[in-house]
Amino acid sequence: MTFIDFRSDTVTKPTEEMRQAMFTAEVGDDVYGEDPTINRLEALAAKILGKEDALFVTSGTQGNQVAVLTHCRSGDEVILEAESHIFLYEGGASSALAGVQTRPIPGIKGALDPLDVKKAIRGDDIHYPYSGLICLENTHNKAGGKVVPLQTMKEIYEIAREKEVPVHLDGARLFNAAVALGVPVSELTKYVDTVQVCLSKGLSAPVGSILAGSKLFIKEARKWRKRLGGGLRQAGVIAAPGIIALEKMVDRLAEDHTNARLLAEGLDTIPKLSVSVEDVETNIILCDIKQTGLSNDQFLNQLKDQGILAVPFDDGIIRFVTHREVTSDMVHTAVQSIKQMI
Ligand code: TLP
């Protein structure tokens, strides 16, 4: 059985061009800084992200955690949104690895209120931890791919600079945000000190993320990546698709956003399902199934029998993600099948 796979944009396979690029990639030992393909990818990424330097890391999680380790010292506090990926889905890595404590602040549709951030930054008191880092996430996964507005990012950055607290952006899907806003990605990264972007989600590369920031930050981040066992050797073979991801796969994300709207509208016409269509700004759809009376597992199993895959997100909430391997025809087929199913 072939499935229509809405579980995540992480399931996208490399394109034919990416596979060719992997086959012919020039390589060298990257721990010695001698892999020409990695060097090219890092230089290209730094330029696109508007930062001095960049580092290729194996995953989004590794990129975020190297950022936390590089910015903070053990005992520091990291201010982040209460449903952010770093807080919810990285296995408690920030406390396990960096020894920091997290300070989750509830946002509105993924966006932190700048005034809440201001209040959360610690003053100079012997009882307090140091505020070591503020983390933002754009687009916000748990909020259903919502774009955090540029103005919010700007206001938080101004507060952070005044208080001398660095800002890191989990931009796993930052290119989706840039495409949705119709701005270059550097418009968003100018309001943060460091950023992690995934090459392996909607951009379709098989592996890897980029961490970008100042030269000094990336020098130290490279050391943390090595400490974590992330120093790679002839890794140009996995970096080569990343170059294609950045050069050729960004504009097509608009197609995923159109398909996401189509799916959201289709699901919302089904009487027992509900989707907040106007909140679907990028490639993630959150579908409320509570009125079906089915549990998440029951719903997902029935979906699977129809050849459709999705993931549970909350009690009674199922996440669907559109990506390069989901066409508009597949979206129509899925909506018809789900209509008949319930
Ligand atoms: N997200 C995955 C799952 O882990 C939930 C997904 O399918 O959406 N930041 C954000 C905002 C993410 O959504 C993810 C992955 C990551 C970081 C981590 O990236 P990887 O999986 O490369 O470690």
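A polar side-chain atom of Arg-173 lies 2.8 Å from an oxygen atom of the ligand, a polar contact being a pair of N or O atoms within 3.5 Å. The model is a predicted one, in which local features need pLDDT of at least 70 and side-chain atom pairs count only at pLDDT 80 or more, while totals for chains, interfaces and linings use all residues. Residues are numbered from 1 along each chain as its sequence is written, and side-chain values use heavy atoms, with hydrogens and water left out.

The shell around the ligand has 14 residues, of which Ser-8, Gly-60, Thr-61, Asp-170 and Arg-173 come nearest; a residue belongs here if one of its heavy atoms lies within 4 Å of the molecule. By class, the shell divides into one nonpolar, seven polar and six charged residues, with Asp, Glu, Lys and Arg counted as charged and Gly among the polar ones. Helix 3, residues 60-71, gives the most to this shell, with three residues, helices being DSSP runs (H or I) of at least four residues and strands (E) of at least two.

Elsewhere, the structure holds two aromatic pairs, defined by ring centres within 6.5 Å, with planes under 30 degrees apart counted as stacked, over 60 as edge-to-face and the rest as tilted. Phe-6 and Phe-320 form an edge-to-face pair, 5.6 Å centre to centre with 65° between the planes. Because Phe-6 lies in the loop between strand 1 (4-5) and helix 1 (16-24) and Phe-320 in strand 12 (residues 317-321), the pair ties together parts that are 314 residues apart in sequence.

Two backbone features remain. A cis peptide bond, with omega about 0°, joins Asn-138 and Thr-139, and Thr-139 is placed in the loop between strand 5 (131-137) and helix 7 (150-163). Glu-164, although not a glycine, has a positive phi of about 60°.

Conventions
A polar contact is a pair of N or O atoms within 3.5 Å; within protein, one must be able to donate a hydrogen and the other to accept it, and residues adjacent in sequence count only if both atoms are side-chain atoms. Rings of Phe, Tyr and Trp (its six-membered ring) pair if their centres lie within 6.5 Å; planes under 30 degrees apart count as stacked, over 60 as edge-to-face and the rest as tilted.
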